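Please view the sequence and structure below before reading on.

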Amino acid sequence: QHPKQSNESIMAIKVATVGVAVVAIIAAIIMGPTAFLGGDVDISGSDNNLTVDGVAMPTQIKTTGTLQNFIGGGLRMKWGFKVYVVGIYSDPKVMTSLKKKYSGFEAKDSNLSDLATDFAKSKPARTVLLRFQRSVAASDISDALGEALKPKVGAASDEFQKFILDMVGSDRLEKGSDIYITCKGETLSASLTGGNDSSSIRIKGLCPAVFEVYLGDKAVSPQAKKGFAEGVATLMASE
């Protein structure tokens, strides 16, 4: 009845569709390919770029003089809020050793618990990188880590809490701050943004316990544990 109006409507729809596509492309460029992906664990990237749940993470880090590769990670949620993103890294020697025992491992394998335990007890360098997504009190973080560690190391968790507070050196951790917790043998080192060597502590059983906090049966971040499992499976399949 109104051919001119119909043509104008079709043209408007086409323009709107193009507009949405342009916005999507811009968002993908700014936020990375994970901007439109869902799921509990969202990891994507290339050799030079990697994101975990939309947060940029390094593919490699160097702490305690050792270059370590990203394995997997995920969000740490608390009371429905995003607190920090967890990144798990290790000296390539760790994966080489695990592959000999767990060749053909898949993310949903029932032996994930055994693999995670062996990873936690490895002697070469392993690192937990915490990249904060909101400003938090340093005491809240040290208390939460201490509480998670207490069943594993007992009263030594109090010493670890003080160690973390002394390392942070301020009342708050601002959004975008990083904490690197690296274990090499029985020595645990911790540092802030940049991964430079900082103070260290030696408590028997502490290093495996720290990784069990994130990879154990009662992991504080199921997303990080799932990301780790998927990362291990991918690395083993590609090597």
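Asp118 is partly exposed, with a relative accessible area of 24% (buried is under 20%, exposed over 50%, partly exposed in between, with a 1.4 Å probe and protein chains only). The model is predicted: local features need pLDDT of at least 70 and side-chain atom pairs pLDDT 80 or more, while totals for chains, interfaces and linings use all residues. Residues are numbered from 1 along each chain as its sequence is written, and side-chain values use heavy atoms, leaving out hydrogens and water.

**Salt bridges**

- Five salt bridges are counted (a side-chain nitrogen of Lys or Arg within 4 Å of a carboxyl oxygen of Asp or Glu).
- Asp118 pairs with Lys101, with 2.9 Å between the closest N and O atoms.
- Lys101 is exposed, at 60% relative accessible area.
- Arg131 and Asp178 form another salt bridge, at 2.8 Å from N to O, and both residues are buried.
- Lys150 bridges to Asp158 at 3.4 Å between the closest N and O atoms; Lys150 is partly exposed at 38%, and Asp158 is partly exposed at 42%.

**Helix packing**

- Helix 4 (residues 138-153) packs on helix 6 (residues 206-215) at about 120°, with the axes 9 Å apart (helices are DSSP runs of H or I, at least four residues, numbered from the N terminus; axes are lines fitted to C-alpha atoms over the stretch in contact, and angles run from 0 to 180 degrees between N-to-C directions).
- The contact (heavy atoms within 4.5 Å) includes Leu145 and Leu149 of helix 4 and Val210 and Tyr214 of helix 6.

Key:
Helices (H or I, at least four residues) and strands (E, at least two) are DSSP runs, numbered from the N terminus.
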